[in-house]
Amino acid sequence: MADTQLRLTNTLTRSKDVFTPIDPNNVRMYVCGPTVYDFAHIGNARPVIVFDVLYRLLRHVYGEDHVTYVRNITDVDDKINARALRDYPALPLNEAIRKVTEKTANQFHADVDALGCLPPKHEPRATEFVLPRDDGKTDMVSLIQILIDRGHAYATEGEILFDTASMQDYGKLSRRPLDEQQAGARIAVDAHKKNPGDFVLWKASSAEEPGWDAQFTVGEKALAIRGRPGWHIECSAMSAAYLGEVFDIHGGGLDLIFPHHENEIAQSCCAHGRDVMANIWMHNGFVQVEGRKMSKSEGNFVTIHDLLHTDTFGGRKWPGEVLRLAMLKTNYREPIDFTVAKLEEALREIERWERFAGDAVPADAPDSIVLEALADDLNLNEAFVRIHALMNDGQAGAALASLHLLGIDPVRKDAGDVDFAEIVQRRLDLIAAKNWAEADKIRDELLAKGIQLKDGKDPATGERITTWEVKR
């Protein structure tokens, strides 16, 4: 068992709790992933980065092979479904949805890779867990049937709804009593509901709408409802499929506490007969851009792809490690104002670390004081203070190992002090000119210095792009 004791702020208890894993040999974490209808924006980046740091810390403490991280992809969405039906009417629904979401899902993976995030151990797609599976993993339709059988769900007007009054402590995460849960927050008040807060588990699809053929039994009555799942049941099914009925940590953005996470808890606890779904619930704060709530109407809607590959924000492209550092400089539970000034500050800091690092080699392990700070509810402010102190004291190796734990790997610029991005661009220019020999020479020289180039295509434009990373 690990010696480091983690303390994490738990939304469920409203306190900072000592983290004691259910099974130290299999620490389990679930984080709500993106809805791949459009490119991921900078608000989507925050939970990905925050929980990547926690994932890295858990791997360090308990061992890489003893942590299971699941982050889903939501590809069941009415807008996605409608587009799939419109664009690929001849294909089976799941295949059509995959066609629609392939580009945005690939872009999401490219974006978070550029942000220095490790891939989760499992990344289930919602469409793969709607109907019963050959492997027996938890699916949405079967989970809904269990809720019906246990008296927590009812059928009405072609829908199956969760009966919130059937759960005595419904609302324990958000601490919103039932009589305050009226309309709003994606809850519709309809006459066919028993209670205003009851929410959809399965909704019927018309002949013109995409759907899945599902079979349910309510009492002695068999119901065949061609339809689609509600939003909340997706994560209850996918988390149980890979992590079990109760797991260690559930993460996501503050905006998901109600109704999404509240309803996940209701479904999962009632279906499995458990008091909790996850022992610790963690939530990151909101993101605004240049002092205003981000929205397309405000003209400040910023995607990760735009920040990485265009000059639409601050008049330049921003390296992934700069975006990552700018996010991590604010406590994960606090709101963050994402500004050009913060990015410029992060850029200067990374350049300073590059100069300090020189030719230093990372130490075998991160600094113990940095570890203590991270173990205290991801206290990154204290961690960065210590890293600066290590640099100033000439302990670059310990500082680099500590930064690596945070997913940041400062790389010294070459001897001619040429900006590294220019080196990559020079190679791309050589490739465009079909000067393969010189392009390969640049790649090999960088690899000898421990820098690995990764070539790929921009999903949005089809153009060749190159990213780089410190060779692990």
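## Arg-324 and its surroundings

In this predicted model, the side chain of Arg-324 places a polar atom 2.9 Å from the backbone oxygen of Leu-406. Arg-324 belongs to helix α8, and with a relative accessible area of 0% this residue is buried. Leaving out residues up to four places away in sequence, Arg-324 touches Ile-49, Asp-52, Val-53, Arg-56, Leu-115, Gly-116, Cys-117, Leu-406, Gly-407 and Ile-408. Leu-406, the partner in the polar approach described above, is therefore buried Arg-324's neighbour in this list of contacts as well.

How much of α8 is covered? Eight of the nine residues of this helix are buried, and they are Gly-320, Val-322, Leu-323, Arg-324, Leu-325, Ala-326, Met-327 and Leu-328.

Two packed helices are described by the angle between their axes and the distance between the axes. Helix α8, which covers residues 320-328, and helix α9, which covers residues 340-357, have axes that come within 8 Å and cross at roughly 110 degrees. That angle makes α8 roughly perpendicular to α9, and their crossing is right-handed. On the α8 side the contact is formed by Glu-321, Val-322, Leu-323, Leu-325 and Ala-326, which meet Lys-342, Leu-343, Ala-346, Leu-347, Glu-349, Ile-350 and Trp-353 of α9. Sorted by class, the residues in this contact are nine nonpolar and three charged, with no polar residue.

Helix α6, which spans residues 257-272, contains Pro-259, and the peptide bond joining Phe-258 to Pro-259 is cis, with an omega of about 5 degrees. Most residues other than glycine have a negative phi, and most peptide bonds are trans. Further along α6 lies Ser-268, which counts as buried at 4% relative accessibility. The side chains of Ser-268 and Ser-236 are joined by a polar contact of 2.9 Å, and when neighbours within four places in sequence are set aside, Ser-268 is in contact with Ser-236 and Met-277.

Cys-235 is found in helix α5, residues 231-243, and is buried, with a relative accessible area of 2%. Not counting residues up to four places away in sequence, Cys-235 touches Tyr-30, Cys-32, Asn-72, His-260, Glu-264 and Met-277. Along the chain, Cys-235 and Arg-150 are 85 residues apart, and their C-alpha atoms are separated by 20 Å.

## Two residues with positive phi

Which residues other than glycine have a positive phi? One of them is Arg-14, with a phi near 60 degrees, and another is Leu-378, with a phi of about 55 degrees. Arg-14 is found in the loop between strands β1 (7-10) and β2 (15-18), whereas Leu-378 is placed in the loop between helices α10 (368-375) and α11 (380-392).

Key
Residues are numbered from 1 along each chain as its sequence is written. This is a predicted model: local features need pLDDT of at least 70, side-chain atom pairs count only at pLDDT 80 or more; totals for chains, interfaces and linings use all residues. Side-chain values use heavy atoms; hydrogens and water are left out. Axes are lines fitted to C-alpha atoms, for helices over the stretch in contact, and angles run from 0 to 180 degrees between N-to-C directions. Helices (H or I, at least four residues) and strands (E, at least two) are DSSP runs, numbered from the N terminus. Angles under 35 degrees count as roughly parallel, over 145 as roughly antiparallel, 65 to 115 as roughly perpendicular and the rest as oblique. A crossing is left-handed if the near helix is turned anticlockwise from the far one by less than a right angle, and right-handed if clockwise. Contact means heavy atoms within 4.5 Å. Ala, Val, Leu, Ile, Met, Phe, Trp, Tyr, Cys and Pro count as nonpolar, Asp, Glu, Lys and Arg as charged, and the others, Gly among them, as polar. Buried means under 20% relative accessible area, exposed over 50%, partly exposed in between (1.4 Å probe, protein chains only). A polar contact is a pair of N or O atoms within 3.5 Å; within protein, one must be able to donate a hydrogen and the other to accept it, and residues adjacent in sequence count only if both atoms are side-chain atoms.
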